[in-house]
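Open the model in your viewer and keep the selection panel at hand.

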Amino acid sequence: MTAWPVQPVVLTTDLMLWLIVAAASGLLWRARATPRLRAAFGQLARRPVAMASLVFLAPYVAVALLDSLHFRPALADTPGAYGPAVESVLDRLLTPLRERTEKTYSAPLALHSFARETVTADDGSVKRVFPRLAHGGAHLADTSARGTDIARRLLPALAVGLAVGAALSGLVCWRLARRSGLPLRAAAGRLLRGDTDTAWRSALLAATLLAVTVAAVAALATAYHVLGTDKVGQDVLYLSLKSIRTGVIIGSASLLLALPLAVLLGTAAGYFGGRVDDLVQYLYATLNAVPGVLLIAAAVLTLDLYMDQHVAAFAGVQQRADLRLTALCLILGATGWIGLCRLLRGEALKLRELEYVQSARALGQTQWRIVTRHLWPNLTHLVLLTAVIDFSGLVLAEAVLSYVGVGVDPGTVSWGNMINTARLELAREPAVWWSLAAAFTFMLGLVLPANLLADALRDALDPRQGGKH
Amino acid sequence: MTAYLLRRLLYAVPILIGVNLLTFLLFFVVNSPDDMARLHLGNKHVTADAIATWKRAHGYDRPLLYAPEANGVRRFTDTLFYEKSARLLVLDFGHADDGRDIGRDIRQRMGPSLAIAVPGLILGLLTNITLALGVVFVRGSGLERAAVFLAVVGMSISTLFYIIGAQYLLAKLLNLAPVSGWQDGWAGLKFLILPLLVGVVSGIGGGLRWYRLLFLEEAGKDYVRTARAKGLAEGAVLGRHVLRNAAIPILTGVVAVIPLLFMGGLLTESFFAIPGLGSYTIDAIQSQDFSIVRAMVFLGALLYLLGLLLTDISYTLADPRVRLQ
């Protein structure tokens with residue numbers, strides 16, 4: 001028997017994230033068959049804003065997925081045994097960031113610690129000084145050389161980023177030329193003028209910008225703490241990257257429960273009417289009457305109490321945090337289906353009177369077949385649109401819920417928890433602003449493209465509501 | 001009309017009972033009062049006696065739904081459901097875990113909540129409508145696209161950042177207003193500046209988009225074209241015709257949220273230390289006082305249903321074409 005170098009560990013939230021990615025891919029694949037959605041996707045691809053948003057969203061999804069592949073590394077000294085700590089692939093990739101911790105706060109790109117320390121000099125005199133950091137810029141013998149060192153690192157990074165952008169552009173250009181049968185020069189001209197069916201120009205610009213940023217950050221991160229360190233000296237960049245998984249999971253995994261609930265209840269209410277309709281309407285009227293945050297808070301408090309009483313069932317800290325995240329997703333899902341359900345009910349009410357559904361019924365098709373073959377394909381666009389719109393709302397909700405104390409586990413790295421601690425740090429003198437700035441930037445980087453994409457999708461799917469003319 | 005309102009009122013009753021059952025289920029069935037007692041007494045070294053004492057002191061020493069050993073109607077009234085949940089239906093909120101009268105707390109804290117929420121609503125409404133009219137006025141231009149993009153950016157920023165940013169920049173660095181606090185009477189006016197500002201600014205993103213859609217829809221109608229065809233200036237068309245006709249959906253939308261103003265803003269109140277119902281709720285959640293959370297859930301549902309009712313009434317008042325039956 002050969003011992004594996006690692007033992008894969010599948011956390012519940014890992015499973016949920018991969019499941020939702022698989023489900024979304026499946027849904028998109030199937031949606032290509034519906035003319036309406038195909039047209040909408042085509043329209044989306046023509047919109048520069050939508051393409052740029054997709055490019056900016058891609059690294060977030062990639063980081064979240066990499067951070068959702070967990071394993072236990074094998075112990076070096078005892079073959080066949082695995083360490084107790086669960087790591088993710090992302091942790092491994094970021095090992096230098098993770099392990100280069102300082103003693104306490106330090107500003108972005110700083111060489112010295114934020115807090116004074118008492119040191120005893122060789123001659124026995126005691127002084128209060130800002131000590132040099134253990135890792136941030138430790139390679140510099142002369143502290144005044146920081147500026148030139150940073151510039152020396154940034155220049156090649158800029159070149160690499162631009163080169164990546166150029167290579168991607170070349171690739172797109174070559175494909176355009178092959179597809180259209182134009183000479184390469186003419187294709188390049190079209191690309192530059194933005195005269196292509198798919199808005200490649202904005203996508204490539206966004207990709208180049210992204211490549212330059214990533215290269216610059218990576219170049220600096222090898223020697224500095226690009227976004228500073230937090231109270232216990234952890235690299236804020238690492239924490240921000242780890243937060244991505246929490247945000248993406250909250251935004252997407254909640255839909256794993258909300259969407260099926262909404263689809264099943266909504267179509268059932270609209271299509272069957274009568275008692276079923278009454279029941280579903282009563283259900284959502286009741287849930288809707290309770291203020292959202294309070295309902296979530298009530299559910300989370302109950303969960304907390306339950307977990308408190310059954311401590312034994314949740315072995316590790318990590319397991320507990322993961323369970324809390326799972327439960328939060330389920331709770332957000334259980335309260336978040338109402339809007340879509342209403343929408344689908346109304347739509348199903350309309351569809352069931354349409355001739356093609358009537359004729360399917362006259363032909364004696366089973367109810368199940370009518371619902372799955374005739375109703376659902378015509379409701380897919382609403383589900384897709386709601387999913388994209390809800391995503392950003394959920395990511396923002398996580399921060400608020402974590403602040404209120406009913407969000408993710410305090411031990412889970414998340415933007416909400418970062419903001420929560422950053423609040424007190426801002427009151428210090430001088431203020432510790434970098435954790436907050438990092439959380440702000442990373443959150444905006446996810447929520448803004450998601451909102452822009454949702455807008456573009458809404459315009460493409462439903463010109464009436466879009467308000468564009 | 002009266003018959004319709006009466007029916008709507010009756011329709012609210014099963015929903016309120018549903019809300020009641022839901023909270024009852026969450027707080028008493030999923031977790032037993034024993035768990036609650038243990039939580040409040042601390043988990044370590046809790047004796048059965050201590051739990052029983054705590055439960056008796058807080059009125060949790062009753063069966064859930066049915067008391068077999070009691071007589072007559074007391075079989076149903078001597079239960080947790082009747083004592084803790086059903087009483088909410090007649091606005092008897094009971095006592096918090098520390099023995100305070102929740103009903104009195106709520107009455108006391110409504111004032112500060114309203115002092116923030118009412119001016120906040122009015123200022124926000126004025127700001128958003130003015131901005132949206134402006135954006136509709138320049139529609140089709142680059143300025144409009146920029147404004148819509150900025151609105152999306154505004155929507156993409158968490159309220160937490162608005163609050164923390166305002167407290168840091170305006171209060172701590174520039175010293176324009178106190179960071180947080182509360183004082184009754186006119187002297188306390190300075191404490192309102194920052195929360196109101198944050199409320200208005202953080203609402204611009206969503207509000208601008210919403211009102212812009214309303215105005216655009218109205219601006220696409222035939223009578224607007226007629227008004228323009230007879231030579232009316234664009235500003236007059238928007239101000240005199242579009243705004244007045246869009247007032248109906250705006251009004252009904254506002255009426256729906258008026259009752260909920262009593263609940264106050266959760267985040268604003270707790271960040272700015274305003275002793276309203278929002279911070280009351282947050283404190284209750286953080287100290288895990290289930291009685292208060294239960295009361296607030298019920299109050300919120302009640303006010304929400306009241307808002308629905310008011311919306312219906314305002315429809316008939318604002319638009320004579322709408323007849324309720």
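A residue is called buried if 20 or more other C-beta atoms lie within 10 Å of its own, exposed if 12 or fewer, and partly exposed in between, with C-beta atoms placed from the backbone. This is a predicted model, in which local features need pLDDT of at least 70 and side-chain atom pairs count only at pLDDT 80 or more, while totals for chains, interfaces and linings use all residues. Residues are numbered from 1 along each chain as its sequence is written, with chains lettered from A and ligands numbered from 1 in the order in which they are written.

**Stop 1: chain A**

Select chain A. Of its 469 residues, 39% count as buried. The C-alpha atoms fill a box of roughly 100 × 70 × 55 Å along the principal axes. Colour by secondary structure: chain A has 19 helices and five strands. Helices (H or I, at least four residues) and strands (E, at least two) are DSSP runs, numbered from the N terminus.

Two residues are in contact if their C-beta atoms, placed from the backbone, lie within 7 Å. Among contacts in chain A between residues at least 6 apart in sequence, 70% join residues at least 24 apart.

**Stop 2: a helix pair in chain A**

Select α9(A), residues 236-272, and α13(A), residues 338-351. Their axes come within 7 Å and cross at roughly 35 degrees. Axes here are lines fitted to C-alpha atoms, for helices over the stretch in contact, and angles run from 0 to 180 degrees between N-to-C directions. The crossing of α9(A) and α13(A) is right-handed. A crossing is right-handed if the near helix is turned clockwise from the far one by less than a right angle, and left-handed if anticlockwise.

Show side chains at the contact. On α9(A), look for residues including A262(A), L265(A), G266(A) and Y271(A). On α13(A), the partners include L340(A), L344(A), R345(A) and E347(A). By class, this contact has 10 nonpolar, four polar and two charged residues. Ala, Val, Leu, Ile, Met, Phe, Trp, Tyr, Cys and Pro count as nonpolar, Asp, Glu, Lys and Arg as charged, and the others, Gly among them, as polar.

Stay on α9(A) and pick T246(A). T246(A) counts as buried because it has 27 C-beta neighbours inside 10 Å. Its C-alpha atom is 8.2 Å from that of W415(A), 169 residues apart along the chain. Beyond four places in sequence, T246(A) is in contact with L325(A), E398(A), V408(A), T412(A), V413(A) and S414(A).

**Stop 3: the core**

Which residues touch the most other members of the largest nonpolar core? Select I296(A), A297(A), A439(A) and V293(B), in a core of 187 residues. A nonpolar core is a set of buried Ala, Val, Leu, Ile, Met, Phe, Trp, Tyr and Cys residues joined through C-beta atoms within 7 Å.

Zoom on A297(A), in helix α11(A), residues 292-309. A297(A) is buried because 26 other C-beta atoms lie within 10 Å. Leaving out residues up to four places away in sequence, A297(A) touches V404(A) and V406(A), and also I285(B) and V293(B). The C-alpha atoms of A297(A) and L401(A) are separated by 8.1 Å. Step to I296(A): beyond four places in sequence, its contacts are I331(A), L332(A), T335(A), L401(A) and V406(A).

**Stop 4: where the chains meet**

Show both chains. The contact takes 44 residues from chain B and 38 residues from chain A. On the chain B side, α1(B) gives the largest share, eight residues. That side divides into 30 nonpolar, 11 polar and three charged residues.

Select α1(B). The buried residues of α1(B) include I15(B), V19(B), L22(B) and F28(B). Their cover includes α10 and α11 of chain A, together with α2, α5 and α14 of chain B. Next, select α2(B), whose buried residues are P33(B), M36(B), A37(B) and R38(B). What covers them includes α11 of chain A, and α1, α3 and α14 of chain B.

**Stop 5: a loop in chain B**

Finish at A273(B), in the loop between α12 and α13 of chain B. A273(B) has a positive phi of about 55 degrees although it is not a glycine. Most residues other than glycine have a negative phi. With 14 C-beta neighbours inside 10 Å, A273(B) counts as partly exposed.
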